[in-house]
Every structure is written in structure tokens, then in C-alpha cells.
Amino acid sequence: MQWFDVDRAGLGKLLERRGKSFVGAELLQNAWDAEGVTRVEFTAEAVKGRALVDLVVKDDSPQGFHNLTHSFTLFSESVKKSNASLRGRFNLGEKLVLALCDSATIMSTKGTIAFNADGRASFPRRKTEVGTEFRAQIRMTRDELAEMLAFVRGFIPPAGVQTLINGEHLFQRQSLRSFQTTLPTELADENGVLRRSARRCSVNVYMPQPGQPARIFELGIPIVETGDLFDVDIGQKVPLSLERDSVTPAYLRDVRAAVLSHTSDLVPKAEAAAPWINDAIEDEGVSTTAVADVLKARYGEKMVSYDPSDREANDRAVALGYAVIHGGAFSGQAWTQIRAAGVQPAGRITPTPKPFSEDGEPAKLAERTPAMDAFAGFCKAMARELLDTEISVTFYKRFNAAAAYGPGSLYFCVGALGEEFFEGPLNRRQLDLLIHEFGHHREMNHLSRNFSDALSELGARTALLAIERPHLFDLDAYDVEAKRSGPRR
């Protein structure tokens, strides 16, 4: 005695919510999976005056239906479970189709099974010489028939299997790329239990058909819409839900990464920022060449990543024509692949010049002249007036700039400027350099708006100070004593 029964009418009602296009997928995939098949005919025609469709599917497999009892036994052991190149695994498809039928017959090399209002009957002596023929009257409106036919005409037939839909050939599509890759699949173990595993398989990439969204196909059967740029046909079982209409986000990302790795040169600039691209470059399996290709399409040939440790370097990069990619543009996972593709921080490509290096030789003090002492006194006086702070002034023989400013400290490179630079009377070059360095009292970034504002403010205050207290700008008024006490009144 069986543990439970299946209410066919109830099952049929549940299937109504899926739509009826799946009928074509289930019957065609069974025919394509038949051993040795070379020709499949799929015919579906409306019954005049009724919401019924006459449906016939025939194949020429020499072996015919593997086991006729599987046509009416839910979830029995399927020979397809252990073969990744066959489409089925649940032994469920024919039963779902039968749940929508008013009547049906399955005739094969091993006999015939008939289904009608009275139940099921077997006719072992009614056989075909080759192949299997499925005939049914299925409950379907004209609109549902049109939808199903449009669906199956979008399938990709197996190579070497002539397939006709209502007498019209279902032709092979021209692939854009074909390649081999390793993807997850489902295979039965020695106990018949489906297990996830990874297997090398073929993948074919196509442009979607007009009016159709991009989809993932399992061995020619569309299973899930992606909205990506390409149709992708996976040449093995795809890990699916029981309803065979969805894949996991992780699997989808693996597929996208594999596709992008082999088609990045085909991705147009307008597509480079698409969500599927961002998803693909998060996958550790995506190629660095593909990542570099899409970044170039998106940002151009010159790009750097934003460097929070050297903010001026980011502005320098922009000034030199680089695109600066900010951290928030991609996820942390994607950044791992982006860095591997060669994108470097701005601080490595356009670094801010540093006057002193931590691993350099110690800077040597320059021998001071009276003019240098007087100029130092002037700088200190200007710091008190303009910055409201006391500073030290140091002269070095050489470092990596003409001058530098840090909080409370001003440095001059005598080797770069020359001793004559510090001689009076006060001139434009001296004031220009001093105002520039004092600008760093507020902002270190040369290319920021804040630094520009600081310079204009210092320039204005210096001009007014020169008008109101001109004696402060007389270098002759400063001597060695003045370095500590300021200019003589």
C-alpha cells in the first residue's frame, strides 16, 4: 500500500500559476535527452471551439522511452541524475504535463500507456519501431498556446538534432563566444542522492533574440532571466530549485564572471557600469584582463583609486587627466579584483612631493649669512601678524623642495634658492614664496579650494599690512638681534 496519493486535479490547479509554457520545455528536453536521437517534431494546434490543444511530440531515438513506468511514477530513480549532459534529474516533468491533460498516450518501443477520464491503461503490444510519441489534449487557451510556441521557438537545439516546431525548423543560433569553464552542477552519488559538485563544461554566449531579455539556458532550455547583455547556454545540468526556474546568487555570479572573462572586449562603453558587470568583478574567478577592460571602458585609459592617505595626490591625478575611482564605487570584494588588475592608489601615481624623506640622509644645516638672518626675522614677524603664531626658521643646504612649512616651522633650501635669494630689498619672489608656505598653515593640499582661499586671504592681509605698517617690510630693519625681538621701531 502506497503511503500517499497525488490528486491530479489539485496538482493541475497548482501548476496554473506557473503558466503553461513549461509544457514545451518538459517535453522537448525529454525528447532531446533520448539516446541516439537525431530528429524531434513538436506540434501544437488549437482544438476548434474548445480551450484545448492537440499536442504531439515525436523523436527517433532507437531505444525509445527508457522505462514506461516512469511516465506515471513521481520521483522514481532517473537515469539522468548521474549524467551532467542530460537535462532532467527529478523524474517529474511528464507527470506535471499529464496533470494538465484531458487525455494522453505515450507510445514507445516498449509499449503504450494511455491516460483518460477512466484512468491509466497499459498496452504492451502497441509499440513503435523507433522513438517515442507523446500525444495529448491539454487544457490551454489560444493565448497560452501562442505563449508556449513563442517560448519553445527561443530554445537552442542540440547540435545534430533536427528539431521542428509546427513543421518549422528550429535553427541553431550563431554564438558570439564558446569556451570551457568550471561551474557547479548536480550529479547523483552511488546512492542516487543528488550532490553539488564542480565540473568543467562548455559555455556558449549569444546575443538575446529581439524582444527577449537575456537568459541563462541549461543545455538549450531557458531557465532564468538575468537582464544581462548576453544569453548564456550552460552545457551541463544547472543547480536549480525544484520548480527549475531559479539559480542561487553565487551561481549567477560565477556564470557572469566566466562570461565577462571571455567577452570583456565585446562589452560596449554604455554597458560597462551595468549591475551584472559589478557582480561579475566581485567573483574571484574573473580574469584580471576582463576587469581591466571594463574599467577602461568605464573610466578611460588613465585611472587611479582614491588615496585617503594623500589627498593632494587625488587632485593632482585629476589635473593630469586621470579618473579617480572612489572606494564607494565598488564593494570590498570587487576592489580585491580591481587592485589585482593593476589599478593603483593616486599616491603611487601622482604623489604629493615631500620635502623630507623618512629613509633619506639627515638634512644638513646651511651656514647662515646676515641676509638670511634678516629674512628669518622678517618671516617671524609676518607669522605673528598674519598667522598669529610664533615660528622657527631653519636653513638647510638641500632637501626635496625650495621651501616647506609645518606647524610652527618654516624651512628654506639654500641649495635650491641660492644665498642671493634672501638679500634685500624685499622683492616679489620672496613674498610669493612666503605667502605660499604660509598658506599651508591652513591647508596642506596645494590643489584644494581651501588652499586657494588661504592664499587670497593672506595676499589681501599682506597688502593692507604693507599700507598700514610699511616699516615691517624693510629687510634692513632686521638684524641678528631682531630674530628674537622683531623689527626695530
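Colleague: Which residues are buried in helix α8?

Modeller: In helix α8, which spans residues 311-319, the buried residues are E312, A313, N314 and A317, where buried means under 20% relative accessible area, exposed over 50%, and partly exposed in between, with a 1.4 Å probe and protein chains only. This is a predicted model, in which local features need pLDDT of at least 70, side-chain atom pairs count only at pLDDT 80 or more, and totals for chains, interfaces and linings use all residues. Residues are numbered from 1 along each chain as its sequence is written, and side-chain values use heavy atoms, with hydrogens and water left out.

Colleague: And what covers the buried residues of α8?

Modeller: The cover includes β14 (303-305), β15 (323-325) and α10 (346-349); helices (H or I, at least four residues) and strands (E, at least two) are DSSP runs, numbered from the N terminus.

Colleague: Switching to α14, which residues are buried there?

Modeller: F451, A454, L458, T462 and L465 are buried in α14. They cover an arc of only 65° around the axis, which puts them on the same side of α14, the arc being that of the directions from the helix axis to the C-beta atoms.

Colleague: What do the buried residues of α14 pack against?

Modeller: They pack against α11 (370-387) and α13 (428-439), while R449 and I467, on the other side of α14, are exposed.

Colleague: Last one: is S409 buried or exposed?

Modeller: S409, which lies in strand β18 (residues 409-413), counts as buried because its relative accessibility is 15%. Leaving aside neighbours within four places in sequence, S409 is in contact (heavy atoms within 4.5 Å) with S392 and A404.
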